[in-house]
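Hi everyone, thanks for coming. Please take a look at the structure on the screen, and I'll walk you through a few parts of it.

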Amino acid sequence: MATAAQDAPGAVDGDGSSSSVSSSVNSSVSSSVSSTPPEAVEAVAAEWMLEFACSCLCRHFAEQSGAEFWRWRDVAQALISGLSQIPQHQKKTVYLCQLLIRIAQGKSLGLQFENDQRISPLESALSFWTLLEKEEIKLEKLHEEIRRLIQIQIVAVHMENRYFKEAAEVLERLFTDSESDKPLRVKLATVIKTKDPYVPLLQSFSYSLLISKIKSYIELFMKENETNFLIQEATKHVVSKGLGATTLQNRPVKVNENGKSDLETKQRLVKEKPSITSQSSGLIKKRIARRRSGQKPKDSRVLQSLNSMQNGGQNEVPLACSRRRQKWTPKEDLELKSGVREFGVGNWAKILAHGNFNDRTSVMLKDRWRTLSKIKQS
């Protein structure tokens, strides 16, 4: 009969030699761990965590669960801010996180994500949507629908807050002399003149429709990212431990000392939590007042914008610097001229998406082209 000692790892074999396979393996693993640079391990773990945080952010945005969305927003933002460089394969993840954060706060004109105080959260969201479009070409129709909805809602939100002058200025920044943009630009200009934020055009292309389209995009993104390592491992653990959602659903409602059920208490707390697309009106009004007076809001930097992600570099995107005024290089001028030849004057968003520019926006491209045209004429 075999003894326990014979079955145990490291037991003595029949020929008297020591079997130390397990200890050798453990020793090998320990040696590998000790020789691996901790920075490399942290970088890989951070990538996994960021992908997981983005997945949670997407899910809670889709479910409109405000409190959880804000919690995962903070997690994602902390992970993104901790990166000195964003690898090429994680650009899409980072851009989507920043897009969702801005869309969620798109009606809050008092919030500032860019150095330029004129840029509203939705305008900032549009720049990240442009970057996302650059990362994929399969969803052209959905891309165009979401782009149009963001553009319309940028104007609509200003009008809802009765900032008609600012709405007209936004229109100038968003829509150029491109023929493809002309019909919508003319319609919105007419709407702004009426000073009525409830005209059929703005109601048909509503904020809720924008949220719905973003959810459609999220659904496709989630299907592409089902292989996320942390999600797979967490799922295995939940299954192995029997920790399914049914255990929470089947849990009896407990009554606390005050005679109220935990469910009632939870519902009350949820009602007190802000939803994804809502903000305290008093706080927003104060921020808007400061913004209009030219003061920089002290708490307007809710999140540090990753403006330098407008960089169209091939491999990595630096995060350290924010968008500052910088000289145009001869190479960028060539990129701009090449883009105009390919897409035509006015299609600045497409030129930006397909070109290799250094921390530029479509508005900057438009202004630079105007400057180049004046130089050529003189």
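**A walk along the chain**

Let's start with Arg 162, which counts as exposed because its relative accessibility is 56%. Exposed means over 50% relative accessible area, buried means under 20%, and partly exposed is in between, with a 1.4 Å probe and protein chains only. Before I go on: this is a predicted model, where local features need pLDDT of at least 70, side-chain atom pairs count only at pLDDT 80 or more, and totals for chains, interfaces and linings use all residues. Residues are numbered from 1 along each chain as its sequence is written, and side-chain values use heavy atoms, leaving out hydrogens and water.

Back to Arg 162: it sits in the loop between helix H7 (140-160) and H8. Helices (H or I, at least four residues) and strands (E, at least two) are DSSP runs, numbered from the N terminus. The phi of Arg 162 is near 65°, a positive value in a residue other than glycine. Gln 64 also has a positive phi, near 55°, and is not a glycine. You'll find Gln 64 in the loop between helix H3 (38-63) and helix H4 (66-81). Since its relative accessibility is 30%, Gln 64 counts as partly exposed.

Now for the whole chain. There are 18 helices and two strands, and buried residues make up 40% of the 378 residues.

Next, a helix pair. How do the axes of H8 (residues 164-174) and H9 (residues 182-194) cross? They come within 10 Å and cross at roughly 170°; axes are lines fitted to C-alpha atoms, for helices over the stretch in contact, and angles run from 0 to 180 degrees between N-to-C directions. That makes H8 roughly antiparallel to H9, a label for angles over 145 degrees. Phe 164, Ala 167, Ala 168 and Leu 171 of H8 meet Arg 185, Leu 188, Ala 189 and Ile 192 of H9, where contact means heavy atoms within 4.5 Å.

Finally, H16. Which of its residues are buried? They are Glu 332, Asp 333, Leu 336, Gly 339 and Val 340. These cover an arc of only 125° around the axis, so they lie on the same side of H16; the arc is that of the directions from the helix axis to the C-beta atoms. Helix H17 (348-354) and helix H18 (362-377) are included in what covers them. The face turned away from the buried side carries the exposed residues Pro 330, Lys 331, Leu 334, Arg 341 and Glu 342. After H16 comes Gly 344, with a positive phi near 95°.

Technical notes: Angles under 35 degrees count as roughly parallel, over 145 as roughly antiparallel, 65 to 115 as roughly perpendicular and the rest as oblique.
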